[in-house]
Amino acid sequence: MIKSYKTRFQKFSALLSDPEIAKYARQNGNHAFSRKRKMPLKDMLLCCLSKKGLTTTFELRNYFKEKGDLSMQLSVQGYLQQRKRLNPEIFPYLNRKYLMDFYRSDEPRLWKGYLLIAIDGSKAEVPNSKNNREAFGNSGNQHSGKGQVRALVSGMYDVLNHFYLDIEIEHICISENELAKRNLKQLKKFGIRKPVVAVFDRGYPSLEFIDFLETEGIHYLIRLSSNDYMAERKRMQSADEKVILKHSSARLQKIRKKHPERYEQMQKKGSTLVRISKSTLPSGNELALMTDLPDTITAEELADLYYQRWEIEKKYNTLKNKMKFESVTGKATVYVHQDFWAQVLVYNMVQDIRNSADEEAAAAGRENRNKYPMHTNENVAIGLFKETMLKNPLEPEEKKRIKKLGELQEEMERYVLPIRELPGKERRKTSQINIKTIKRVAFKMPILRLKGDYGHFKLLKYTEGAL
């Protein structure tokens, strides 16, 4: 894997200058980017990719400063109008083109011969506008008519190679199972030849979804909630065995209502054979996993495999808090899709260099006999990459571009951290104090200072005195 990212960067730089890319950047039916403008398509794409979470005015200023053309006069309004003509699908296309060679090679790290992916949903805040409320829905409560506007993002993440293969951005009320299907259908576009195992948390184990996975030839590992398939689990004779899930009339009725296209097929099938493995967590709660993986993979290995899906949770944190994922250019819905996908592509490019830098850092750590394995600092790596993001594609000479990439990797390797294995803990549910209870108690207590909005209150101080 070491140094192969340089070839991918070279191809990416050439792709941005390819005239053919304009047809992927146009919205349906328009002829945008067909004539020369103050900001050509390549500049438009690089400006999107080099965002640092600043105001649009400063993003434009910094872009032209890096390009060495501060005299360029392009108004914010003119820039935003051009952005509205830019098809957001250009960024998933660029992401696939960037990663395609990697997944068609022998480079990807595998888990027992499987490409290990995790799929999970997360809510992301978007600008509060009428268009975004219609496109993504409100996240208000009984005390707020509008509330924050949040989109539902479903990500498909390669756990061992640290790349986002796909994200789907949809209305907050859309089923996560349906978005996961859309994630998985993107795998074919990468030309992946290795078998795939997808890991899911609770909320995904419907019979219809399992049938979809089997039809697509995707292996799975899904955690069950306490009330999932309880009748079958009670009849189990051991902690790890094959279980027949019957397609009962009650289960089929739900499928007929939500997925009529799959109803007849599942009715003829009659049942689904799965493997269920049960173990006990340190907290004393049960961990029940459902899979189609063979018995040669032990229950302990299944549990370890499930814990690896935590990587996608950490990477959502990286996108939101380190990549400024939720810092959207404007209030139009098209900017949400553009900026979310642009930051995912940038994350993959950062991680591509970081994968190589991590191998060098780990080797240096072993040579120095460090107590813990070493890896590069993610915060610093992202900062360094964004600082030099434009210098590489804008450099006309290939040798200089390669040299700059090497220098960037070497600088990343100077900032390393130990990898410490911390004891795993189950997530705690934080209790929320009801506003009516707060008001009732407040009038009886001398002084009650509150912090937060309705539905999320924090008790700060209680002292003697009258309210």
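Q: Which residues of helix α14 are buried?

A: The model is a predicted one, and in it helix α14, which covers residues 299-307, has L302, A303, L305 and Y306 as buried residues. When the helix is viewed down its axis, these buried residues fall within an arc of 160 degrees, so they line one face of α14.

Q: What covers the buried residues of α14?

A: The cover includes the strands β1, β4, β5, β7 (271-280) and β8 (286-291), together with helix α15 (310-322).

Q: In what order do the strands of the open sheet lie?

A: As a general idea, the strands of a sheet pair through backbone hydrogen bonds, and they do so either parallel or antiparallel. Here eight strands form an open sheet with mixed pairing, in the order β3-β2-β1-β4-β5-β8-β7-β6. Its edge strands, each of which pairs on one side only, are β3 (163-170) and β6 (240-246). From one strand to the next, the twist averages 25 degrees.

Q: Which helix packs on the sheet and touches β1, β2 and β3?

A: Helix α16, residues 333-367, packs there, touching β1 (115-126), β2 (149-158) and β3, and its direction makes about 170 degrees with that of β3.

Q: How many bridges join β1 to β2, and how many pair β2 with β3?

A: Ten bridges join β1 to β2, and these two strands run antiparallel; within β2, L152 is the bridge partner of K123. The pairing of β2 with β3 is also in the antiparallel sense and extends over seven bridges, with V153 standing opposite I169 of β3. β2 and β3 form a hairpin with four residues between them, and H162, which lies in the turn, has a positive phi of about 65 degrees.

Q: In which sense do β4 and β5 run?

A: Strand β4 (residues 196-200) and strand β5 (residues 219-223) run parallel and are joined by four bridges. F200 has I222 as its bridge partner in β5.

Q: Which residues touch the most other members of the largest nonpolar core?

A: The general idea is that, in soluble globular proteins, nonpolar side chains tend to be buried together. In this model the largest nonpolar core has 124 residues, of which F91, L94, L184, F200, F340 and F385 touch the most other members. Helix α16 gives the most to this core, with 14 residues. Taking F340 as a case, and not counting residues up to four places away in sequence, its contacts are A124, E125, V126, V153, I167, I169, F325, E326 and V328.

Q: Is D120 buried or exposed, and with which side chain does the side chain of D120 make a polar contact?

A: A residue is taken as buried when its relative accessible area is under 20%, and D120, at 8% relative accessibility, therefore counts as buried. D120 lies in strand β1, and its side chain makes a polar contact of 2.8 Å with the side chain of R309. Leaving aside neighbours within four places in sequence, the residues in contact with D120 include V153, S154, E176, Y204 and Y316.

Q: Where is D339 placed, and what does D339 touch?

A: D339 is in helix α16 and, at 1% relative accessibility, counts as buried. The side chain of D339 makes a polar contact with the side chain of R83 at 2.9 Å. Residues up to four places away in sequence aside, D339 touches K51, R83, S327, V328 and T329.

Terms used. Residues are numbered from 1 along each chain as its sequence is written. This is a predicted model: local features need pLDDT of at least 70, side-chain atom pairs count only at pLDDT 80 or more; totals for chains, interfaces and linings use all residues. Side-chain values use heavy atoms; hydrogens and water are left out. Two strands pair if DSSP finds at least two bridges between them. Axes are lines fitted to C-alpha atoms, for helices over the stretch in contact, and angles run from 0 to 180 degrees between N-to-C directions. Contact means heavy atoms within 4.5 Å. A nonpolar core is a set of buried Ala, Val, Leu, Ile, Met, Phe, Trp, Tyr and Cys residues joined through side-chain atoms within 4.5 Å. Buried means under 20% relative accessible area, exposed over 50%, partly exposed in between (1.4 Å probe, protein chains only). The arc is that of the directions from the helix axis to the C-beta atoms. A polar contact is a pair of N or O atoms within 3.5 Å; within protein, one must be able to donate a hydrogen and the other to accept it, and residues adjacent in sequence count only if both atoms are side-chain atoms.
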